[in-house]
Amino acid sequence: MLPTEHAFGSTLAAMAAAPLVRDKKTLAFFWAVAVGQDVDHYLWYVWRFRDPSLRRAYQYFRSRYPGTGRKKGQQSENRFLHGPLPLLTVGAASLKFRWLRPVAAAMAFHALLDVVNEYVLLPRVRARSGIETGTPLTESPPELAGSRSSA
Ligand SMILES: [Zn+2]
């Protein structure tokens, strides 16, 4: 799921939960973690291509988005915050440290959105558009118009 889609889903969830949560900072914290968890993709991109451009990183993953029918850009090596181990670790720690509870909830919500997207929404998009998956792409980052020096 793209960060913009995570932002949309997380905003809806935060708005739905707002009447139930007294501390709005907790809600903001939840939202920031639920959207920001995809930072692992960006860190991987910076490490892999030695390119700190957030715009090019977004374009790299966008061009490999499953809905495009191309090979997935998200792999286990750039999803190290998405696995069950980080979620279980933070979840277990949140039993002891109360301030981690919105983080654990946000991580679980982020994972839920990713699973719904992968197994419910994308298959429908692919079926409707007739897109086949697995088209191989080169490993190189996308080249944008203009120089690579701008971030
Ligand atoms: Zn994600």
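Which residues does Asn78 touch, not counting residues up to four places away in sequence? Asp40, His41 and Trp44. Touching here is contact: the C-beta atoms of two residues, placed from the backbone, lie within 7 Å.

Some ground rules. Residues are numbered from 1 along each chain as its sequence is written. This is a predicted model, where local features need pLDDT of at least 70, side-chain atom pairs count only at pLDDT 80 or more, and totals for chains, interfaces and linings use all residues.

Now the overall picture. The protein chain has 6 helices and 0 strands. Helices (H or I, at least four residues) and strands (E, at least two) are DSSP runs, numbered from the N terminus. Buried residues make up 20% of the 151 residues. Buried means 20 or more other C-beta atoms within 10 Å of a residue's own; exposed means 12 or fewer; partly exposed is in between; C-beta atoms are placed from the backbone. Take contacts between residues at least 6 apart in sequence: 66% of them join residues at least 24 apart.

Back to Asn78. Asn78 sits in the loop between α4 (54–63) and α5 (84–96). Asn78 has 19 other C-beta atoms within 10 Å, so Asn78 is partly exposed. Asp40 is 38 residues away along the chain, yet the C-alpha atoms of Asn78 and Asp40 are separated by 5.8 Å.

Next, α4. Its buried residues are Arg56, Ala57, Tyr60 and Phe61. Seen down the axis of α4, they fall within an arc of 130 degrees, so they line one face of the helix. That arc is taken over the directions from the helix axis to the C-beta atoms. Their cover includes α3 (39–49). The face turned away from the buried side of α4 carries exposed Leu54 and Arg55.

Last, a helix pair. How do α2 and α6 pack? Helix α2 (residues 24–36) and helix α6 (residues 101–129) pack at about 40 degrees, with their axes 8 Å apart. Axes are lines fitted to C-alpha atoms, for helices over the stretch in contact, and angles run from 0 to 180 degrees between N-to-C directions. The two helices are therefore oblique to each other. Angles under 35 degrees count as roughly parallel, over 145 as roughly antiparallel, 65 to 115 as roughly perpendicular, the rest as oblique. On the α2 side, the contact is made by Thr26, Phe29, Phe30, Val33 and Ala34. From α6, the contributors include Pro102, Met107 and His110.
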